[in-house]
Number of protein chains: 2
Amino acid sequence: MSTPVVLTKSPADLSLIATQFKALGDSTRLELIMSVAASATSEACVCDLTPNTGLTQGTVSHHLRILVEAGLLKRSQRGKWSYYSLTGAAHGILTSLNIAIPLHLSKPANC
Amino acid sequence: MSTPVVLTKSPADLSLIATQFKALGDSTRLELIMSVAASATSEACVCDLTPNTGLTQGTVSHHLRILVEAGLLKRSQRGKWSYYSLTGAAHGILTSLNIAIPLHLSKPANC
DNA sequence: ATCTTACATTGACAATCATCAATTTGAGTA
DNA sequence: TACTCAAATTGATGATTGTCAATGTAAGAT
């Protein structure tokens, strides 16, 4: 027997959420986003991310594009490099689900 | 510039999480799980869920199975009917992301 | 025992997807 | 200008997926 709930999202919201879940529902992409999140500078370039995956550079680029299009990563190009970092949405999802914990945050115990 | 984070999940955890994200990353399945969550008794049978989807009964049954296998729904058969309800994991995901709000819960404002 | 009713399963098919190899783009460098 | 390097894009291919129609199963009803 589970707790009754109220739903809070419009169909448009749900469509976006489904897109984000779908983007995260692939082991490679989940690893990629975790690597970005865990990187010291909170951003990473394709050349950093590619070796860990065992995949081709083109494939990694492809997955990163999907994450960007889902609103989970943002891309900033500096010189020849593309740096990827988490969006607020991605940050929210990872921390809400306790997949990642913000370093500076300490919540009161009754939350 | 985003907040630095610490990762908390083992590879095995991440594999499960990816499976759950994947299961939720389909509009039909997301609607299904929302319908179950929103139902008055916190459970629903296939015959209740099918009409809203515009899909075949067999297809709905298929999607429900995927959600069960991902650990998001549980099935309990009573008589001729199969009743589906949220697991704790699904409940946690939906409420953590504010997709659903537990009726009895009221958090202090500073959380 | 036969017939419904509710659901699960199977087989088939079109569409989507993950991946690679190869090429292109675009920015800095010699 | 020509060259190099990082990343994006393209085209092809095999695998996975969402869907349906049809069939199977199992529980109650007649």
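By class, the surface near DNA strand D has six nonpolar, ten polar and seven charged residues, where Ala, Val, Leu, Ile, Met, Phe, Trp, Tyr, Cys and Pro count as nonpolar, Asp, Glu, Lys and Arg as charged, and the others, Gly among them, as polar. The model is predicted, so that local features need pLDDT of at least 70 and side-chain atom pairs count only at pLDDT 80 or more, whereas totals for chains, interfaces and linings use all residues. Residues are numbered from 1 along each chain as its sequence is written, chains are lettered from A and ligands numbered from 1 in the order in which they are written, and side-chain values use heavy atoms, with hydrogens and water left out.

**DNA strand D**

- Around DNA strand D there are 23 residues, of which A:C47, A:Q57, A:S61, A:Y84 and B:H63 come nearest; a residue is near a strand if one of its heavy atoms lies within 4 Å of it.
- Of the atoms of DNA strand D that come within 4 Å of the protein, 75% belong to sugar and phosphate.
- The side chain of A:Y84 places an N or O atom 2.5 Å from a phosphate oxygen of DNA strand D, and chain B takes part through a polar backbone atom of B:T56, 3.0 Å from a phosphate oxygen.
- At least two residues each of the surface near DNA strand D come from α3 (46-53), α4 (57-69) and β4 (81-86) of chain A and from α2 (27-38) and α4 (57-69) of chain B; helices (H or I, at least four residues) and strands (E, at least two) are DSSP runs, numbered from the N terminus.
- The element that gives the most to this surface is α4(A), with four residues.

**DNA strand C**

- DNA strand C is surrounded by 24 residues, and the closest are A:H63, B:C47, B:Q57, B:S61 and B:Y84.
- Sugar and phosphate make up 73% of the atoms of DNA strand C that come within 4 Å of the protein.
- Phosphate oxygens of DNA strand C lie 2.8 Å from a polar backbone atom of B:C47 and 2.5 Å from a polar side-chain atom of B:Y84.
- B:K80 has a polar side-chain atom 3.4 Å from a sugar or linking oxygen of DNA strand C.
- The surface near DNA strand C comprises seven nonpolar, ten polar and seven charged residues.

**Contact between chains A and B**

- Chain A brings 36 residues and chain B 35 residues to the contact (heavy atoms within 4.5 Å).
- About 3600 Å² is buried between the two chains, 72% of it on carbon and sulfur atoms; buried area is the accessible area (1.4 Å probe) that two parts lose on being put together, summed over both.
- A:V5, A:L7 and A:F21 supply 17% of the area that chain A buries against chain B, more than any other three residues.

Notes. A polar contact is a pair of N or O atoms within 3.5 Å; within protein, one must be able to donate a hydrogen and the other to accept it, and residues adjacent in sequence count only if both atoms are side-chain atoms.
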